[in-house]
Amino acid sequence: MGTILPMDLFPDTAAVEHGHLAVAGVPASTLAEEHGTPLLVLCEATIRARARAYREAAPDALVVYGTKAFPNVSVMRLLAEEGLGADVSTLGELRFAQRAGIGGDVLVVHGNNKDDAELAEAAAADALVVLDALDEVERAAAAGVGRTLVRMTLGVEAETHEAIRTGQHGSKFGLPPEQALEVIERARPLGLHVHIGSQLLDGGAARLTVDRLAEFAAQCRERLGWTPEVVDLGGGLGVRTSPDEPGPPSIADFVRELLAQLGSAWALHDLPRPRLILEPGRSIVGPSGVTLYRVGVVKHVSESVAWVAVDGGMSDNPRPQLYGARYTALLANRADEAAAGTYRIAGKHCESGDVLIDRVELPEPCRGDLLAVPATGAYTLAMASNYNGVPRPAAVLVGNGSARVIRQRESVDELLARET
Ligand code: LLP
């Protein structure tokens, strides 16, 4: 593996010209001036390329976007143009998918605690509903849900942060094999669902899951005379957010190996070939996004610690605090200057843990500089909060030399409007 330059973490169309970062031909400084900061910049070409990579690697599969990574109507419309549907896990996400024109035939509805309204709306949309509890068999049937899968755990401990690991027995998601069998007996679902975790940097756990799933499917045939017509393997492929960390396999390699495993495991048990569903979220939007922040205070508090404070932080990207995620950055307006030292990037929130980046080499930053943090398209704005009364940032989609707002910036007035 060669050296990973920070530029490799930026979207496909990112380039530095005369020291200025541009995405899809639009200078970051222009975006920041016109739309303010913090600003999430998403590259349309990168989103499309990554969606196509899934479609090309698995042409017969249904690929549904894991909406939770960044619920956004414009992004979902664009993905629908590329032939993707959506995986939604709440009524809100379902509404986003519907607003994007995504029909029930390519909608998968999840949730470990679906309420009656969610089941009723899923039924009305004629979506595929993933049963996640024993009592959902009757509740989904009563709501009029027609097509179902059952989500199960197969005791696979994927290598990722424990907060986003979901395939182990004891998970709050899915059902262990004996209970999944009970659901199959009662509901006669279309097939099986597994999602073992997120930010996976290796396909090994996913392939082991496929082997165990085939064994389980063979057991279903023996005990119930039932085999899955549909197999949904969830999402999970990770993205690199820091040059100091290992990278994931490419979408093409990850999916190719998964398909090969599915083919051989199913053949081993002589099972009828199922229709495949994949649910990628992060690997589609993560590398497509760059967050722009304005540099404010720069403090050299000791010989070894230099703080650079930006105008956002844990309210627009809580991943460092939640999962120990590591990011990198460059100065978008001085991207060709040599590093002058190592800096710690702090957010503006009122706690010491509000550190966006622990260590990054930069030219000496000055007030007003623009800091660009790549690989921030997934689970950042999606998990943003109003901590400290901070309005949530805007998002723009850039393509072919122009930018369009796809999520408006919140205002303090909007926050106040909800106060009584
Ligand atoms: N399908 C199901 C059933 C899921 O639960 C998830 C993610 C996905 C698909 C999409 O997974 P992806 O391809 O994005 O890994 N907030 C966390 C990630 C939570 C993932 C939840 N489920 C983070 O920032 O790392």
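Which side chain has an N or O atom 2.7 Å from a nitrogen atom of the ligand? The side chain belongs to Glu-279.

## The model

This is a predicted model, where local features need pLDDT of at least 70, side-chain atom pairs count only at pLDDT 80 or more, and totals for chains, interfaces and linings use all residues. Residues are numbered from 1 along each chain as its sequence is written, and side-chain values use heavy atoms, with hydrogens and water left out.

## Around the ligand

The ligand is surrounded by 18 residues (each with a heavy atom within 4 Å of it). The closest are Ser-198, Glu-279, Arg-282, Arg-319 and Tyr-379. The shell holds five nonpolar, seven polar and six charged residues. Here Asp, Glu, Lys and Arg count as charged. Ala, Val, Leu, Ile, Met, Phe, Trp, Tyr, Cys and Pro count as nonpolar, and the others, Gly among them, as polar.

Tyr-323 places one 2.8 Å from a ligand nitrogen atom. Tyr-379 places one 2.7 Å from a ligand oxygen atom. On its own, the ligand has 580 Å² of accessible area (Shrake-Rupley method, 1.4 Å probe), and the protein covers 92% of it.

## Two domains

An automatic or database assignment sets the domain bounds. It gives domain 1 (7–43 + 287–417) and domain 2 (110–280). Their C-alpha centres lie 35 Å apart. Nine residues of domain 1 are in contact (heavy atoms within 4.5 Å) with 11 residues of domain 2.

Definitions and conventions: Polar contact = N/O pair within 3.5 Å; in protein donor to acceptor, adjacent residues only side chain to side chain.
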